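Biologist: Please show me the chain and its model, and then let us work through the geometry and the packing one point at a time.

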Amino acid sequence: MPGPLASLKILDFTALLPGPYATMYLADLGARVVKVASRVRPDPVDLLPPFLEEGSLSAASAYLGRGKRSLALNLKDPRAREVVGRLVKEYDILIEQFRPGVMARLNLDYESLRRENPALIYCSLTGYGQSGPLARRAGHDINYLARSGLMAYSGRKETGPTLPSMQVADLAGGSLQAVIGILAAVVHREKTGEGQCLDVAMTDGLLSFHALAGAAFLVDGVEPEREDTALNGGSLYDFYETADGGYLSFGGLEPQFFGAFCTALGRGDLIPGGVYPPEAAARKKELRALIRSKTSAEWVEVFREVDACAEPVLSLSQALSDPHIRARGMVVELTLSGGGKVRQVASPIKFSRTPPSYGKAGVTPGSDTGEILREAGYSSEEIARGEKTGLFI
């Protein structure tokens, strides 16, 4: 069956990670996405190794571009405005990731394009948003994390903030907020026929993640600090190094889980103090020494049948080969447009009636230009002339 978003048609003017991940997410669920790209100015992720043996496509591009088609278009050419204007009559959702003002200079801003299609949903995804003192300032994931306030109470007191292994601002603060906003706008349009403009800022998205600490601060004004709260290292809820250099996670906040944890460790004497005892630093020091007495594999065996929220920290290879992950179908094998196969991480949402449909893995920039333009009514002669004169490059 077609995916649940099969009725959506999206023009994607994004690069790097935030926008492409958002549109890949939508494509996995059935949306028909056209990535507007350039054959002469590659997306930086196109240059990231490793590259697939079947061609010059990078693994990152094959992942972020899966299920999409690609249109080569020189946006600096004034003729591009007519092409996009024609496309938005059918592709009535547009997402762009330029700095504020760039699309307006190209005459491709929301106010210009809505004249072509009043039902257009237009999503602008940036680091700091379309307004405010920082709107035009350059930035990347680390900068948005820094300005969000999250890093002020993340990490360790002795060493300060620690870079997450994934791009939290790009993906969680940006990509997923854009997906939510677009789908909400689609629901509104279905009821009213109205399109609208969405301003999604990655820093705003991160601010919304101060779910507990932010709610508390706005009431009592107390700044959260590193290793100061129950969930950031201030309690026994934490990671503990094992004898072989691995780590064990413990998240048993509830009394029954904490009790089971202490009993399995042979430290029932710790149960009365709870997971957040007044002398948490001293108790944690004792736990660290105890957990360093066994390897990760040995602790896995200790807790195998114990319901204590104690789990090993797995490497990426261990996680991808974990029997539970395999049972959840979280790795899929897709066909490349030029032939061959590639394995990728699957969509995380399970549908009973409309499962994700991945199509082919990502394609090279502009590989579907002729097909897309012919669907929009361009003749073969017009396409050839545009390619020759630098419009479709």
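This is a predicted model: local features need pLDDT of at least 70, side-chain atom pairs count only at pLDDT 80 or more; totals for chains, interfaces and linings use all residues.

Modeller: Residues are numbered from 1 along each chain as its sequence is written, and side-chain values use heavy atoms, with hydrogens and water left out.

Biologist: How many helices and strands are there in the chain?

Modeller: Helices (H or I, at least four residues) and strands (E, at least two) are taken as DSSP runs, numbered from the N terminus. The C-alpha trace that carries them spans about 80 × 50 × 40 Å along its principal axes. Counted in this way, the chain has 16 helices and 11 strands.

Biologist: What percentage of the 393 residues of the chain count as buried?

Modeller: Buried means under 20% relative accessible area, exposed means over 50%, and partly exposed lies in between, using a 1.4 Å probe and protein chains only. With that cut-off applied to the 393 residues of the chain, the buried share is 45%.

Biologist: Among contacts between residues at least 6 apart in sequence, what percentage join residues at least 24 apart?

Modeller: Contact here means heavy atoms within 4.5 Å. Among the contacts between residues at least 6 apart in sequence, the share that joins residues at least 24 apart is 71%.

Biologist: Which residues of α7 make the contact with α6?

Modeller: On the side of α6, the contact is made by D141, Y144 and L145. By class, the contact has four nonpolar, no polar and two charged residues, with Ala, Val, Leu, Ile, Met, Phe, Trp, Tyr, Cys and Pro counted as nonpolar, Asp, Glu, Lys and Arg as charged, and the others, Gly among them, as polar. The residues contributed by α7 are V168, A169 and D170.

Biologist: Which residues touch the most other members of the largest nonpolar core?

Modeller: A nonpolar core is a set of buried Ala, Val, Leu, Ile, Met, Phe, Trp, Tyr and Cys residues joined through side-chain atoms within 4.5 Å. The largest such core has 39 residues, and the members that touch the most others are I95 and I182.

Biologist: Which element supplies the largest share of this core?

Modeller: At least two residues of the core come from each of several elements, including α1 (18-28), β4 (93-96) and β5 (121-126). The largest share, nine residues, is supplied by α7.

Biologist: Is S58 buried or exposed?

Modeller: S58 lies in the loop between β2 (32-37) and α2 (59-64), and a polar atom of its side chain lies 2.7 Å from the backbone oxygen of V45 and one lies 3.0 Å from the backbone nitrogen of S61. Leaving aside neighbours within four places in sequence, S58 is in contact with V45, D46, L48, P50 and F51. At 0% relative accessibility, S58 counts as buried.

Biologist: Is the peptide bond from P49 to P50 cis or trans?

Modeller: P50 is placed in the loop between β2 and α2. With omega near 5 degrees, the peptide bond from P49 to P50 is cis.

Biologist: What is the relative accessible area of R288?

Modeller: R288 is found in helix α11 (residues 280-291), and, not counting residues up to four places away in sequence, R288 touches R156, D238, F239, Y240 and E241. The C-alpha atoms of R288 and F239, 49 residues apart along the chain, are separated by 8.9 Å. R288 is partly exposed, and its relative accessible area is 23%.

Biologist: What is the phi of N107?

Modeller: N107 is placed in the loop between α4 (102-105) and α5 (110-113), and N107 is partly exposed, with a relative accessible area of 37%. Its phi is positive in a residue other than glycine, with a value near 65 degrees.

Conventions. A polar contact is a pair of N or O atoms within 3.5 Å; within protein, one must be able to donate a hydrogen and the other to accept it, and residues adjacent in sequence count only if both atoms are side-chain atoms.
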